[in-house]
Amino acid sequence: MSGTDLLAPCPGDAGPVLGLDIGGTKLAAAVVTADGTAHGLVTTPTPHTGDWRDATACLFDLGHQALRAVGARGIRAVGIACGGPLDGPSGMLMSPPHLPGWTRVPIGPLAAEAFGVPFVLENDATAAAVAEYRFGAGRGTATMLYLTVSTGIGGGAVVGGRLHRGAAGNGGEFGHIIVRRGGRLCACGRRGCVEAYASGSAIAQRAREACGREMTAAGVTAAVAAGDPAAAAVWAETVDLLGAAVADLVNVFEPDLVVLGGGVTRAGAMLLGPVREVVAREAMPPAARAARVEPAALGDRVGVIGAGVIALAPPPTGSSRPGLGSTHTGPPRAASSPPRGELAASSPPRGELAASSPPRGELAASSPPRGEFAASSPPRGELAAGESVEAGTPTGFEAARIEVSAGLEGGLEAALERGLEAGLERGLERGLERGLERGLEGGRGPMAPAMVHWLESHLDEHVAVASALGELTAEIRAAGELICRRLAGGGTVYTLGNGGSAADAQHLTGELVGHFKRERRPLPAVTLSTDPSVLTCVANDFDYADVFARQIEALARPGDVVVAFTTSGRSPNVVSALDTARARGAATVLFAGGAPGAARADRVLLVPSKSTQRVQEMHTLMLHVISEMVDAWAAGEEPGP
Ligand SMILES: [Zn+2]
């Protein structure tokens, strides 16, 4: 995945970098020099406000604090270490289980912008493994495994002097070795992983169950020391199962050294002793003899040093180094250059930085293809090579728009093929992500970096909202069934809305009167008029809030169904229309967004977003899902509701 050798020594006079470590419990920042030393280390608890922007703002503030603390000037790069899954080249965090709400966070580009230097993003355990191998307990070894036993359990492996990363860079998930088949549920979705027993959060959870009170992992070890038998039983199981996982790893890799780091290892001998015993007893004798089990020599600093060390590694010549050639590389900023200090002497002057970071205009030409996306997008590759684009080949926003539409369509199909409930969330997410990725790919080239960035954040938000729609599947299905039932009974569908929602109302009518995908008979559907003559007549003689209610009164009968769209859930003319529909015995369906508003209906599809744009996009998505259901029923593929 990377052309960079993270284990290669870097020149002793290479300038410092900034390391940012994102944990589920704490954030840390430090300036890291070429000798693997962390300067100006600052930490703070990770804010869990539900909005990742709060945490990234806090993280970047820490970074600036660290820079000020050491007077560092002209850092070369910013290294970011975080739990996966992540995409290093694009600097994107996918949705790490220890960071709820962090869905597709472009942390690399954001950090590049905040500090005005290139970014490198790496899995935190891999980064810590590199740090221990180069500057800690692993110095001089050939095969070294690193396990971080923290909020979760992660790992990294150096095998025969080479960093093992796996096909897509996410290898080394040692926390998900199963130590008890069918055992406790793990955050990864499987049962019996070692993480579900020996991570800090799992220890706390098990202690709560066994001891009947709230305890942290550190509290458990304190209780064991104080002679608490229930805590002792929890701890004995913890170290036994952790030992079993390490013994498996020793059998598989036959390493010189297994390094244990992370907060839980602060238990010291209480943890190391039993783990060593299990390994000695259970691993194959030659491997068991070869492998030492040691604590991380870099201690609590291993995370942030790891984050720095990945950014220290020199890019290979003719570099295709992740992040470094990216269009996300922000311009140098005055704000990231605090006053001169000790470290200033060893940092390269700005001129050198500029030489290795071409100005924005040239970046498109010199930036490397982005891994697999590039391989599937030849036009982008051609652009990157600086060749001209064929006439008629869509570029920039147009390509992005086409690909995002195709992604959405693919997501919908996948959802429908696999059944609505099971498939919707996954299918949509996958489809949207593909759309996002291809869209971004198409968006490179002639598009200005700021525009790419804007598109990214827009689409990230879109994907996050679409993913959250999974919770609405039951309600979407119920709404679709209600419409099918009423149509089957001879009812008519009336749709209504204001502005963009009026367009959604027309859209649904179009799908019903025409057809969605299949050939079938036309179905009775009417969109209430928003023609100026009707509006001025009703609003003038009665009230604007009566514009739709008056039409409903004229048209709707028991057995019909009224479908209303309002992004706020509060539009007075929509509220009154639904009230009138119910009074006339018609069924009602409401497409809304944000918090529940004044509008009432039999079925409410409430998009969990406060953004009008996102709500309208999701309304389109949901009306397509319903159109698909109606299509399948009307074409005779599905039995009548
Ligand atoms: Zn697991």
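Reply: Helices (H or I, at least four residues) and strands (E, at least two) are DSSP runs, numbered from the N terminus. This is a predicted model, in which local features need pLDDT of at least 70 and side-chain atom pairs count only at pLDDT 80 or more, while totals for chains, interfaces and linings use all residues. Residues are numbered from 1 along each chain as its sequence is written, and side-chain values use heavy atoms, with hydrogens and water left out.

Me: How many helices and strands are there in the protein chain? What percentage of its residues is buried?

Reply: The protein chain has 23 helices and 17 strands. Buried means under 20% relative accessible area, exposed means over 50%, and partly exposed lies in between (1.4 Å probe, protein chains only). Of the 641 residues in the protein chain, 54% are buried. Contact means heavy atoms within 4.5 Å. Among the contacts in the protein chain with a separation of 6 or more, 68% are between residues 24 or more positions apart.

Me: Which residue has a positive phi of about 50° although it is not a glycine? Is Arg104 buried or exposed?

Reply: Arg104 has that positive phi of about 50°. Arg104 sits in the loop between strand E6 (92-93) and helix H2 (107-115), and its relative accessible area of 2% makes it buried. Glu254, also not a glycine, has a positive phi near 45°. The loop that holds Glu254 runs between helix H7 (229-253) and strand E11 (257-261). Glu254 counts as partly exposed because its relative accessibility is 47%.

Me: How is a metal site read, and which residues coordinate the zinc ion?

Reply: Donors are N, O and S atoms within 2.8 Å of the metal (3.2 Å for Na, K and Ca); water is not among the atoms, so sites may look incomplete. The zinc ion is coordinated by His176 (ND1), Cys186 (SG), Cys188 (SG) and Cys193 (SG), at 2.0 to 2.3 Å. Along the chain, these donors follow the spacing H-x9-C-x1-C-x4-C. Cys186 is buried, at 6% relative accessibility, and Cys193 is buried, at 0%.

Me: What is the geometry of the zinc site?

Reply: Four donors count as tetrahedral if all angles lie between 85 and 135 degrees. The site of the zinc ion is tetrahedral, with angles of 103 to 120° among its four donor atoms.

Me: How is a sheet read, and what is the order of the five strands that include E1?

Reply: Two strands pair if DSSP finds at least two bridges between them. The order is E3-E2-E1-E4-E7, in an open sheet with mixed pairing. Strand E3 (38-45) and strand E7 (119-123) are the edge strands, each pairing on one side only. Axes are lines fitted to C-alpha atoms, for helices over the stretch in contact, and angles run from 0 to 180 degrees between N-to-C directions. Neighbouring strands of this sheet are turned by 15° against each other on average, direction ignored. Strand E1 (residues 17-22) and strand E2 (residues 26-32) run antiparallel and are joined by six bridges; Gly19 stands opposite Ala30 in E2.

Me: Which strands of this sheet does H2 touch?

Reply: H2 packs on the sheet and touches E1, E4 and E7, its direction making about 145° with that of E4. Helix H3 (residues 124-135) also packs on the sheet, touching E1, E4 and E7, and its direction makes about 100° with that of E7. H3 lies across strand E8 (144-149), E9, E10 and E11 as well, running at about 130° to E8.

Me: What is the order of the strands in the open sheet that includes E8?

Reply: Its five strands have the order E10-E9-E8-E11-E12, with mixed pairing. The edge strands, each pairing on one side only, are strand E10 (162-164) and strand E12 (292-295). From one strand to the next, the twist averages 20°. Strand E9 (residues 153-159) runs antiparallel to E10, with three bridges between them, and Ala157 stands opposite His164 in E10. Helix H8 (residues 269-282) lies across E11 and E12, at about 165° to E12.

Me: How is a pair of helices read?

Reply: Two packed helices are described by the angle between their axes and the distance between the axes. The axes of helix H20 (residues 532-541) and helix H21 (residues 547-555) come within 9 Å and cross at roughly 95°. Angles under 35 degrees count as roughly parallel, over 145 as roughly antiparallel, 65 to 115 as roughly perpendicular and the rest as oblique. H20 and H21 are therefore roughly perpendicular to each other. Val534, Leu535, Val538 and Ala539 in H20 meet Val547, Arg550 and Gln551 in H21.

How values were computed:
Four donors count as tetrahedral if all angles lie between 85 and 135 degrees; four count as square planar and six as octahedral if opposite donors are over 155 degrees apart and all others between 65 and 115; anything else is irregular.
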